[in-house]
Amino acid sequence: MKDFAIKFTCGLLVSFLFALVDAKAEVLVGTVVGITDGDTITVLAKDNSEHKVRLMGIDAPEKTQDFGDESKKALSNYIYHREVRVEYKKQDRYKRKVGKVILDKQDICLQMIKDGLAWHYKDYEKEQSKTDRDLYIQAELKARESKIGLWHDNKAIEPNAFRHK
């Protein structure tokens, strides 16, 4: 019985340590050198390597969609040629890092939602921390209620639905 307790405890400890490692985000610090649209950027790291980054937790209007240009321009105004910190845990199928973009302690992904220039991307909300998920949900609700940005249009189409038309 004592051996079982020791093995069980060691197993729990190892599982806990792996969970901690998995939960820890990697960090990319660099200068934003490209804005593809309202939720995709290119970051030039200190070692001169370029990284495509998909902003985590948001889905911005497509370029050909209403508010697509406004979303891209706002993101550019916030971070183009600025040094940002990208906290990411994964890459998407297009080999882009998917992460939260931070500028001077400000969550730019959240700001895009507050400005009414992106939706909270609910298809991937489980990848966010509970705190971020709650903040993004509340920001979208507030932007909708205030009819900020794309929420001027009561019939705004989510980018995911627009892409599959």
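Trainee: Where is E140 found?

Mentor: E140 sits in helix α4, residues 130-146. Helices here are DSSP runs of H or I with at least four residues, strands are runs of E with at least two, and both are numbered from the N terminus. The model is predicted: local features need pLDDT of at least 70, side-chain atom pairs count only at pLDDT 80 or more, and totals for chains, interfaces and linings use all residues. Residues are numbered from 1 along each chain as its sequence is written, and side-chain values use heavy atoms, with hydrogens and water left out.

Trainee: Is E140 buried or exposed?

Mentor: Start with the cut-offs. Buried means under 20% relative accessible area, exposed means over 50%, and partly exposed lies in between (1.4 Å probe, protein chains only). E140 has a relative accessible area of 5%, so it is buried.

Trainee: Which residues is E140 in contact with, leaving aside neighbours within four places in sequence?

Mentor: A contact means heavy atoms within 4.5 Å. By that rule, E140 touches I113, W119, H120, K122 and W151.

Trainee: How many aromatic pairs does a search of the whole structure find?

Mentor: Two. A pair of aromatic rings is described by the distance of the centres and the angle of the planes. Rings of Phe, Tyr and Trp (its six-membered ring) pair if their centres lie within 6.5 Å; planes under 30 degrees apart are stacked, over 60 edge-to-face, and the rest tilted. W119 and W151 form an edge-to-face pair, with 5.3 Å centre to centre and 70° between the planes. This pair links distant parts of the chain, 32 residues apart: W119 is in strand β8 (residues 119-120), W151 in the loop between α4 and α5 (159-163). Both W119 and W151 are buried. Y121 and Y124 also form an edge-to-face pair, at 5.0 Å centre to centre and 80° between the planes. Y121 is buried at 13% relative accessible area. Y124 is partly exposed, because its relative accessibility is 39%.

Trainee: Now the strands. Why is β2 largely enclosed by the rest of the structure?

Mentor: Strand β2 covers residues 40-45, and five of its six residues are buried, so the rest of the structure largely encloses it.

Trainee: Which strands does β2 join by bridges?

Mentor: Two strands pair if DSSP finds at least two bridges between them. Strand β1 (residues 26-37) runs antiparallel to β2, and six bridges join them. D37 has T40 of β2 as its bridge partner. The two strands form a hairpin with two residues between them. On to β3 (residues 50-55): five bridges join it to β2, again antiparallel. T40 stands opposite R54 in β3. The hairpin of β2 and β3 has four residues between the strands, and N48 there takes a positive phi near 70°.

Trainee: What should I make of a positive phi?

Mentor: Most residues other than glycine have a negative phi. F67 has a positive phi, near 75°. F67 lies in the loop between β4 (58-59) and α2 (68-79), and is partly exposed with a relative accessible area of 24%. D104 also has a positive phi, near 50°. D104 is in the loop between β6 (97-103) and β7 (106-107). At 63% relative accessible area, D104 is exposed.

Trainee: How many helices and strands are in the chain?

Mentor: Five helices and eight strands. From the N terminus, the elements run α-β-β-β-β-α-β-β-β-α-β-α-α. Of the 165 residues, 39% count as buried.
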